[in-house]
Amino acid sequence: MRTVDETSAGGLVVDAAGASAALIGRLDRRGRLLWSLPKGHLEEGETAEQAAVREVEEETGIIASVRAFLGSIDYWFVAEDRRIHKTVHHYLLLAHGGELSDADVEVTEVAWVPLAELDTRLAYADERRLVRRAAQILEESA
């Protein structure tokens, strides 16, 4: 089986008040709606920060700028007869325009979720850990 490295970027985008975050919901193979942070592949010549901003806008409709690096998550999975090692770089982003939209075909739902509810809403433990780091950054800058 061939091994492939993939890199993506995205992150936690918070509203202007710093009270809510835009999450995306996707259906898993069993038809369950799983909430996660917006993210996607880097395009050729694009930095991780640029990809994070672009992916947030594509998947949520929100225009945002990078505030801080939150960390990277890497994991392995098998798809289409390939063993994939994926690294996802996550950023804290601040919303400054756009309108929440689920127009992206890869996204089932989008929602502004209060920061206090992210720990129970996010499907993945690694993303919950990054959100706790973002909360610390937001508190320090308040």
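1. Two residues are said to be in contact, or to touch, when they have heavy atoms within 4.5 Å. In this predicted model, setting aside residues up to four places away in sequence, S8 touches G40, H41, L42, K86, T87, V88 and H89. The model is a predicted one, in which local features need pLDDT of at least 70 and side-chain atom pairs count only at pLDDT 80 or more, whereas totals for chains, interfaces and linings use all residues. Residues are numbered from 1 along each chain as its sequence is written, and side-chain values use heavy atoms, with hydrogens and water left out.

2. S8 sits in strand β1, residues 2-14 (strands are DSSP runs of E with at least two residues, helices are runs of H or I with at least four, and both are numbered from the N terminus). Because its relative accessible area is 1%, S8 counts as buried (buried means under 20%, exposed over 50% and partly exposed in between, with a 1.4 Å probe and protein chains only). Its side chain also makes a polar contact with the side chain of K86, at 3.4 Å (a pair of N or O atoms within 3.5 Å, where, within protein, one must be able to donate a hydrogen and the other to accept it, and residues adjacent in sequence count only if both atoms are side-chain atoms).

3. Strands β5 (residues 62-79) and β6 (residues 82-98) run antiparallel and are joined by 16 bridges, where pairing requires that DSSP finds at least two bridges between two strands. V78 has R83 as its bridge partner in β6. The hairpin of β5 and β6 has two residues between the strands, and E80 there takes a positive phi near 50°.

4. R121 belongs to helix α2, residues 118-121, and is partly exposed, since its relative accessible area is 31%. Leaving aside neighbours within four places in sequence, R121 is in contact with L23, W35 and V113. R121 and V66, by comparison, are 55 residues apart in sequence and 23 Å apart in space, C-alpha to C-alpha.

5. As for annotation, the unreviewed UniProt entry carries "domain: Nudix hydrolase" over residues 4-135; such positions are given in the numbering used here, feature names are shortened, and annotations may be inferred rather than shown by experiment. The end C-alpha atoms of residues 4-135 lie 33 Å apart, and the span is 21% helix and 51% strand.
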